[in-house]
Amino acid sequence: MISKLKAAVAGLALMASPALAVDLEFYFPVAVGGAAANTIEELTNEYIAANPGVNIDAIYAGSYQDTVAKALTAARGGNAPQLSVILSVDMYTLFDEDLIHAFDDFATTDEDKAWLKSFYPSFMENSMIDGKTYGIPFQRSTPVLYYNKEAFAEAGLTDAPATWEEMKDYAGKLTKKDDAGNVTQWGVRIPSSGFPYWLFQGLTTSNGATLVTDNGTKTNFDDPKVVEALEYLVSLSKDGVMAPGIIEWGATPKAFFEGQTAMMWTSTGNLTNVRKNAPFDFGVAMLPANKRRGAPTGGGNFYLFKGGSDEETKAAFDFIKWISQPTQAAKWSIATGYVAPSPATWDSKEMQDYAADFPPALVARDQLEHAVAELSTYENQRVTRIFNDALHAAITGDKSAADALAEAQAKADAVLKAYR
Amino acid sequence: MQRNWIHAWLLLSPAFVFLLAFTHIPAVTTLWNSLFTTPRGRRPSRWAGLENYETLIADPIFWKVLSNNIWFALGTIPTSIAIALAMALWVNEKLAGRGFLRMAYFTPTVLPMIAVANIWMFFYTPGFGLIDQITGRFGLPQSNILGQPDTALWGVMAVTIWKEAGFFMIFYLAALQTIPPSLIEAARIEGAGPWTIFRRVTFPLLMPTTLFVSINAVVNSFRMVDHIFILTGGGPDNASSLLLFYIYEVAFRFWDTAYAATLTVILLAILGLLAIGQFFLFDRKVHYR
């Protein structure tokens, strides 16, 4: 009797197994706080409920750095996740390690092909190699300028600065000193700790420079336009409108709330944070222009990892396609402040309502038109580190902008030579 | 005779297996890996001979972090030992609230390094951090200790000393309590003042502890890098980066495992030499009972 039962159960399990076959692992990072993790869980659960054949294990993997480290380690051990959200700039590294699939290989129908083309081109710059799509934009951001409207009114200013010159001029008017001559409120704050290259790219781009060319194998750090941008950044501190030395990234929103600075540059990912915590009326504007408007994009893409069975990879592909559709992407964008990656998402009713209620959310979208790819090369972490060190050396006055950048270019050339 | 031999090996084997698995084999593998190039998905590793070591000699960041590490060791070890000794001598006296004081001194040791770093991050924050709030009262300008290359390493060192001194104090305190009071009483009858008693009686008797503590301090000065992740990330321009932090970056950010192995070999050699030096040279001056 028991053996018969067992046989029956085994038979059932066999019959059921094709439907329950696909188990996916999905690594995701969180860079902006708790709500993001919950939203990912919600979206994943919603998908599982609608697709009984698929089970997705969404694994919170720490910061962006932790996530790429975990995914690489797992892949080297033969246990790669089928999909993961990782910084868009790590694409070349993942490609070089031969760990990721091109989405084109799975986009067989016309609908799929149209989907690959549905995102903002400035986000796709960091998502394609040799015309093939390796990343799908998801938690993407861009830096914007936040300003304290009360401090502006006090200084007799109304609008956000539109050009470099204006920004420096305004910053001078906004810098306040006490009787002893010590600064109590700085004009502007462009944080430079950790990854200064990202915000600095807001200056190089608006000065008309392109930092990387030739498919991530050539940097242009010593371009005179880049040198000029760095000299401008250094001059802000030198001329006393921005705090001297390296400025901490993490403490920047707090410094803004405390009135330590009247303007700050930071990610749109901070929008919800500022909206909740700023004790004064604030405004959001595009980064100021010089030769043109310009800013980098930033944040994470979806990647499809090699190593899974065809069935698993196909299921992962379908999930990524689903989560990047307007309804899901809108939910994600509203919960976090990340920029919705496709025009269709901005046209959805949810996003329209959100933007009507909170217009600053639109600034990031409008800036996308002027945005370029975030600095990304082969051996990206090493090359950006070289660049960051050069920026630090110039900001702290150890080296002149031109010397620091020329050295960085030489070092980057030595690393990238092997990839040309 | 034969049976004794087997017996000895059997007794040794558990420790031996663990030492082999977690210390000796990894050390040899590291050395071996340092002689190859880093494997990448599209380019397998190949024999490199001493290429990695040539890169290392030509790498200015390596020399920078090595000199930082030497300054870090010189700055933290004597200071934290001296403070530990002073604190131990003080809380060894009979005074009111002694238990509380001992606990207060020991608290930094109990805290995880990451928590400590975050606390100090708040102290150091320019403008509204604790230090600036206090100095601001006296009309002093804002400071940016962690954001300036001349001071960043000092800022990191202060955190290390704060964290370590309490830990070393415990060892000194334990050692002080094993010194027989009769020795000190005898010295006092001979007419020795407190300084002479410390220099001629207490301190020599504490030498074994000082040796132990200083070896620990040296190892820690190469091993404790957790706070750097929070405080400075090695910046500005590697001004506060230490050898182990650099190894982490090369291995897990740049994924250049072969070069990281090369750096690790250097670290192993330095630590080995220091331990040998301390045991053989310092040990002669230590008075054991």
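How much area do chain A and chain B bury between them? About 2,900 Å², with 48% of it on carbon and sulfur atoms. Buried area here is the accessible area (1.4 Å probe) that two parts lose on being put together, summed over both. On the chain A side, Arg76(A), Arg382(A) and Arg385(A) lose the most area to chain B, together 20% of what that side buries.

The model is predicted: local features need pLDDT of at least 70, side-chain atom pairs count only at pLDDT 80 or more, and totals for chains, interfaces and linings use all residues. Residues are numbered from 1 along each chain as its sequence is written, chains are lettered from A and ligands numbered from 1 in the order in which they are written, and side-chain values use heavy atoms, with hydrogens and water left out.

Consider the contact between the chains. It takes 33 residues from chain A and 33 residues from chain B, where contact means heavy atoms within 4.5 Å. Between the two chains there are 12 residue pairs in polar contact, both residues at pLDDT 80 or more. A polar contact is a pair of N or O atoms within 3.5 Å; within protein, one must be able to donate a hydrogen and the other to accept it, and residues adjacent in sequence count only if both atoms are side-chain atoms.

Several elements of chain A build its side of the contact. α3 (64-76), α4 (91-96), β9 (183-189), α11 (252-257) and α18 (380-395) each supply at least two residues. α18(A) gives the most, with six residues. Helices (H or I, at least four residues) and strands (E, at least two) are DSSP runs, numbered from the N terminus. The side of chain A that touches chain B divides into 12 nonpolar, eight polar and 13 charged residues. Ala, Val, Leu, Ile, Met, Phe, Trp, Tyr, Cys and Pro count as nonpolar, Asp, Glu, Lys and Arg as charged, and the others, Gly among them, as polar.

Now the charges. Side chains of opposite charge can pair when their charged atoms come close. A salt bridge is a side-chain nitrogen of Lys or Arg within 4 Å of a carboxyl oxygen of Asp or Glu. Over all chains the count is 23; between chain A and chain B it is two. Glu249(B) pairs with Arg385(A), their closest N and O atoms 2.3 Å apart.

Other salt bridges lie inside chain A. Arg76(A) meets Glu97(A) at 3.2 Å, N to O. Arg76(A) lies in helix α3 and Glu97(A) in the loop between α4 and α5 (110-116), so the pair ties together parts 21 residues apart in sequence. Glu97(A) is buried, at 9% relative accessibility, while Arg76(A) is partly exposed at 39%. Buried means under 20% relative accessible area, exposed over 50%, and partly exposed in between (1.4 Å probe, protein chains only).

Lys132(A) and Asp105(A) form another salt bridge, 3.5 Å from N to O. Lys132(A) is in strand β5 (residues 132-133) and Asp105(A) in the loop between α4 and α5, 27 residues apart. Lys132(A) is partly exposed at 34%, as is Asp105(A) at 47%.

Finally, look at helix α13(A), residues 310-323. Its 14 residues should span 20 Å at 1.5 Å a residue, and its end C-alpha atoms are 20 Å apart, which agrees. The expected span is 1.5 Å times one less than the number of residues. α13(A) is mostly covered, with 10 of its 14 residues buried. Among them are Phe317(A), Phe319(A) and Trp322(A), along with Glu312(A) and Lys321(A).
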